[in-house]
Amino acid sequence: MLKQRPFLIEALTAAGLIAAPFLLPLIGFAPNTANRILVWGLFGLGFDILFGFTGLLSFGQSAFYGTGGFVAAYLLTQAGFPNVVLALIIGMIAAAAVGYLVGLIALRRTGIYFAMITVAIAEVFFFVEFNPLADWTGGENGLPGVPTPSFNLGFTTIHFTSGWSLYPFLAFCYFVGIVVALRIVRSPVGAVFRAIRDNPLRATAVGHNIHGYKLTAFVIAAAYAGFAGGLLGVLQAFMPPDAFTFDTSGQLVMQTAIGGRATLFGPLVGAAVWLSLQDFLQATLGLGAAWKLVLGIVFVLLVCFLRNGIIGGIATLYDVATGKRSASLSKEALPATSEPAREEPVAEARPAPQPDTPPLHLEDRNPAEPILQAKGLTKRYGGLVANSDIDFTVNRGELRGIIGPNGAGKSTFFKMLTCEVPPSSGTILFEGRDITGMTVTDVCQLGLTKSYQVNQLFAGLTVRENLTIAALSALRGKFRLDLFRTIQNIPGLPERVEQTLDLVNLTSRPDTPVSELAYGEKRRLEIGLALATSPSLLLLDEPLAGMSPRERVETVKLLKSISQGRTMIIIDHDMDALFELAERVTVLQEGRVLVEGTPQEIKNNTTVQEAYLGGVHGVLAA
Amino acid sequence: MINWPNFVSQLFNGLALGALLALISSGLTIIYGTLGVLNLAHGAMFMLGGYAGYVAFGYTHSFIIAVIAGSLFVMVVGIVMERVIIRHFYQRPHEDQLLVTFGLGICFVEIVRLLFGSQSQMVPPPSMLQGITSLGFMFYPTYRLAVVGIVAVALSVLFIVLYRTRLGMIVRAGIEDSVMVDSLGINVFRVFMIVFGIGAMAAGFAGIINAPVVSLTPGVGDDILVETFVVVVIGGVGSFPGAILGGLIAGEIISITSMFNPSYAYVMLFAAMTLVLVLRPHGLLGTQGRE
């Protein structure tokens with residue numbers, strides 16, 4: 001929704017904001033309602049980046065709304081600060097700074113912990129505002145007398161006062177807010193935000209420092225909240241203490257969910273629905289206090305049946321109407337948990353992909369030096385020894401296979417090599433550097449990554465977006481705040497994505513959402529994610545698992561072409577495939593290296609046969 | 001001011017509040033531990049318990065009947081809520097679960113506001129527990145002492161149910177791995193329903209027990225919910241002993257700080273939570289890896 005023609009959305013927003021004062025009175029909108037909707041909408045822009053795009057549901061946004069509002073109001077009413085806009089900006093910066101500190105604490109945990117901590121923090125702010133800081137904030141009286149902005153243009157002074165006269169100022173603020181938010185959402189940082197929402201584990205594994213990005217989203221949301229809080233004071237000519245209440249945070253969450261998350265306009269639409277329903281139910285129907293119950297029920301029903309809110313519902317209807325999507329409303333309501341089991345059409349006689357230019361790391365290193373060396377690698381879980389004293393060396397350019405019966409410790413071994421789990425003892429050298437104890441993100445940045453045994457994709461995104469996220473980490477490093485850069489303008493990115501699409505044979509479906517891919521395609525995308533980070537050493541954990549025989553043949557071909565100019569280690573149970581692919585094979589059993597050799601040597605090795613066949617020969621011989 | 005009897009009486013206040021928080025938090029934490037759903041309507045359950053008891057008391061003038069009616073009513077509400085709505089959210093993301101329970105909580109509060117108005121209601125303590133008791137060196141309200149005893153009994157019952165019965169064993173197994181329990185041929189859905197009912201009942205029971213101490217308003221559950229979250233974060237999510245330990249710590253922090261300056265009670269509570277998050281991110285008695 002948020003792509004295609006450049007500046008289309010910006011232009012439409014501007015047109016809508018300009019038209020509103022002429023159209024809204026016709027349907028009985030009071031100017032003050034329109035102004036309040038704009039303030040809520042601006043507040044919600046930041047929250048939508050945090051919740052809708054990054055997947056962090058905070059129930060504590062009132063803390064920043066109040067902080068920004070009170071800082072601005074204090075400057076204007078108590079400190080005799082003359083410039084309204086400057087005061088608003090200082091309020092915003094104060095809220096962002098507070099957001100940074102709060103984020104450091106709240107982001108120590110994720111999911112429901114995060115939600116609970118934000119609730120608690122917001123409640124503390126409320127109490128602090130009311131009591132210890134009452135001398136500055138006016139306690140339960142708030143701060144009255146917040147001035148409205150005026151601009152001296154030399155020949156005339158424009159003064160924004162209230163009602164429709166204040167509207168242009170608020171509309172302009174909202175417009176700037178939406179332009180900035182759109183830039184952020186379309187930037188590489190925005191792409192990483194979505195990756196974190198969809199699969200934080202994989203976002204980490206492809207080399208993004210997700211803690212930094214989460215903190216960024218948190219601070220952005222706090223800054224928007226702070227600015228909107230300041231506008232609330234300007235709008236009401238009074239900074240009300242209830243900006244700090246839990247109800248404020250709750251209303252924001254509900255409005256965003258009603259309007260539609262991850263749409264940026266959701267909070268605005270939600271606020272419009274909320275405030276006009278409130279007016280309608282209270283004034284027209286005379287329901288009095290029951291309006292909130294009606295809104296509560298509407299909200300629960302929306303969450304149950306229309307997960308993506310009003311905008312999401314309209315988008316689905318539009319897609320159905322234009323035939324883009326076959327009535328998939330039910331799927332919208334219940335995100336697919338089971339994989340569709342359909343067989344994908346295997347591309348006929350696919351031309352072998354050009355062996356792409358080998359990763360740069362390859363030439364500028366001493367080729368004789370082994371790329372990976374593990375010494376005495378051991379992993380204990382309590383009394384259980386998963387890996388014991390493994391020595392393992394892989395040379396540059398090699399394709400190594402690892403086999404072993406179930407429970408031999410293969411996956412644990414891979415997890416240690418990619419630093420997903422720390423070894424109990426032993427060291428890992430990658431390209432001569434000791435990587436023991438590093439994070440999975442740093443190791444990926446160095447050029448070592450793996451594809452997972454169970455698909456770890458960004459399920460809500462398209463194939464191209466998936467690969468883009470992985471490629472971004474290789475091109476931008478693990479953390480970078482290029483918030484206003486357009487993602488297409490990153491040199492080398494489109495080429496790398498196209499190249500990876502080609503390598504994993506997904507060129508025909510780049511814009512398909514992952515949820516609509518067949519299993520085999522998902523499996524190839526899984527490998528593509530690892531490839532797009534341009535690793536110099538690629539680990540593949542059971543790339544053939546769960547594939548039909550036909551898909552296996554295709555994938556083996558694919559793996560062969562990938563291995564050109566790369567160093568790879570593959571775990572699989574499909575021995576025929578592995579013996580065909582690998583130059584050398586390591587056999588693990590009960591957490592130890594049983595034997596290592598060429599496929600031919602392994603096939604003929606009696607201990608290996610015994611490990612797999614449980615010593616049948618021995619029994620027969622006896 | 002701050003003197004010895006005052007301090008001890010605040011310690012007792014903290015114990016009473018802490019015991020209540022422990023009970024409410026255990027309800028929240030066994031629901032989360034078993035079903036994986038954080039019930040943001042848990043504060044509303046506390047409030048509903050109080051009001052249901054208030055209504056029952058109005059008809060019968062018996063505190064015992066009020067307690068029983070209040071708890072049972074909330075249990076039924078919990079079971080209906082689980083069957084009709086929560087059940088459809090097990091497969092959906094955490095955010096959706098939070099949103100729907102948050103919305104339900106608001107609906108409950110607003111229904112009560114519609115029926116009873118916003119003004120506060122009072123349930124008197126039972127006649128035999130009225131007045132004050134002499135502890136030798138000081139006097140203390142009898143009912144508050146009784147609250148500690150009543151909640152201790154309730155927690156013991158909960159403990160016995162959780163740790164000494166077949167249902168409890170299934171619940172604890174479900175906390176570890178609900179898929180495995182399901183594949184062992186135990187109807188997890190029925191267990192989920194019962195657990196939700198018991199968890200809600202714990203809050204409802206606390207709600208009616210608390211009604212003679214703090215007057216009832218429709219919003220009485222909101223503050224309790226926030227305190228419960230802090231308790232759970234301090235104690236560790238999904239841990240029954242953690243909920244009790246966290247409850248007692250939170251109760252004492254709130255009352256002892258209130259002795260010096262009530263407005264700093266939440267600040268201190270929050271400081272304690274931050275300290276725990278920094279030193280032991282999984283809570284004092286929480287286990288790693290349960291998010």
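Which residue in the turn of the hairpin formed by S13(A) and S14(A) has a positive phi? Glu590(A) does, at about 50 degrees, and two residues lie between the strands. The structure is a predicted model, in which local features need pLDDT of at least 70, side-chain atom pairs count only at pLDDT 80 or more, and totals for chains, interfaces and linings use all residues. Residues are numbered from 1 along each chain as its sequence is written, while chains are lettered from A and ligands numbered from 1 in the order in which they are written.

Chain A contains 25 helices and 14 strands. Both kinds of element are DSSP runs numbered from the N terminus: helices are H or I with at least four residues, strands are E with at least two. Along the principal axes, the C-alpha atoms of chain A fill a box of roughly 100 × 55 × 50 Å. Of its 622 residues, 49% count as buried. A residue is buried if 20 or more other C-beta atoms lie within 10 Å of its own, exposed if 12 or fewer, and partly exposed in between, with C-beta atoms placed from the backbone. Contacts require C-beta atoms, placed from the backbone, within 7 Å. Among contacts in chain A between residues at least 6 apart in sequence, 75% join residues at least 24 apart.

Confidence was examined next. The average pLDDT (the predictor's confidence in each residue, from 0 to 100) is 86 for chain A, and 91% of the residues score at least 70. Residues 327–363 of chain A have a pLDDT below 50, yet this stretch has 41 contacts in the model beyond near neighbours in sequence. Residues 618–622 of chain A also fall below 50, with one such contact. Where pLDDT is low, the predicted coordinates should not be read in detail.

Chain A is divided into domain 1 (8–302) and domain 2 (360–438 + 567–622). These bounds come from an automatic or database domain assignment. The C-alpha centres of the two domains lie 54 Å apart.

The largest nonpolar core holds 285 residues. Such a core is a set of buried Ala, Val, Leu, Ile, Met, Phe, Trp, Tyr and Cys residues joined through C-beta atoms within 7 Å. Leu42(A), Ile49(A), Ala120(A) and Leu231(A) touch the most other members. Helix H10 (residues 210–236) of chain A supplies the largest share, 17 residues. Domain 1 and domain 2 of chain A both give residues to this core, so it lies between them. Leaving out residues up to four places away in sequence, Leu231(A) touches Val39(A), Leu42(A), Leu88(A), Leu170(A) and Cys173(A).

An open sheet of four strands in chain A has the order S6-S5-S8-S9, with antiparallel pairing. Two strands pair if DSSP finds at least two bridges between them. S6 and strand S9 (433–434) are the edge strands, each pairing on one side only. Strand S5 (residues 370–381) is joined to strand S6 (residues 384–395) by eight bridges. In that pair, Gln373(A) has Thr393(A) as its bridge partner. Two residues separate the strands of this hairpin, where Gly382(A) takes a positive phi near 60 degrees. S5(A) also pairs with strand S8 (residues 425–430) of chain A over five bridges. Here Lys375(A) stands opposite Thr427(A).

Thr586(A) stands opposite Glu596(A).

Thr449(A) belongs to strand S10 (residues 448–451) of chain A. It counts as buried because 27 C-beta neighbours lie inside 10 Å. Beyond four places in sequence, its contacts include Ala205(A), Val206(A), Thr418(A) and Leu538(A). Cys419(A) is 30 residues from Thr449(A) in sequence and 9.6 Å away in space, C-alpha to C-alpha.

The contact between the chains takes 36 residues from chain B and 38 residues from chain A. On the chain B side, the elements giving two or more residues are helix H4 (94–116), helix H9 (220–235) and helix H11 (265–279). H4(B) gives the most, with 15 residues. By class, this side has 24 nonpolar, five polar and seven charged residues. Nonpolar here covers Ala, Val, Leu, Ile, Met, Phe, Trp, Tyr, Cys and Pro; charged covers Asp, Glu, Lys and Arg; the others, Gly among them, count as polar.

How values were computed:
Contact = placed C-beta atoms within 7 Å.
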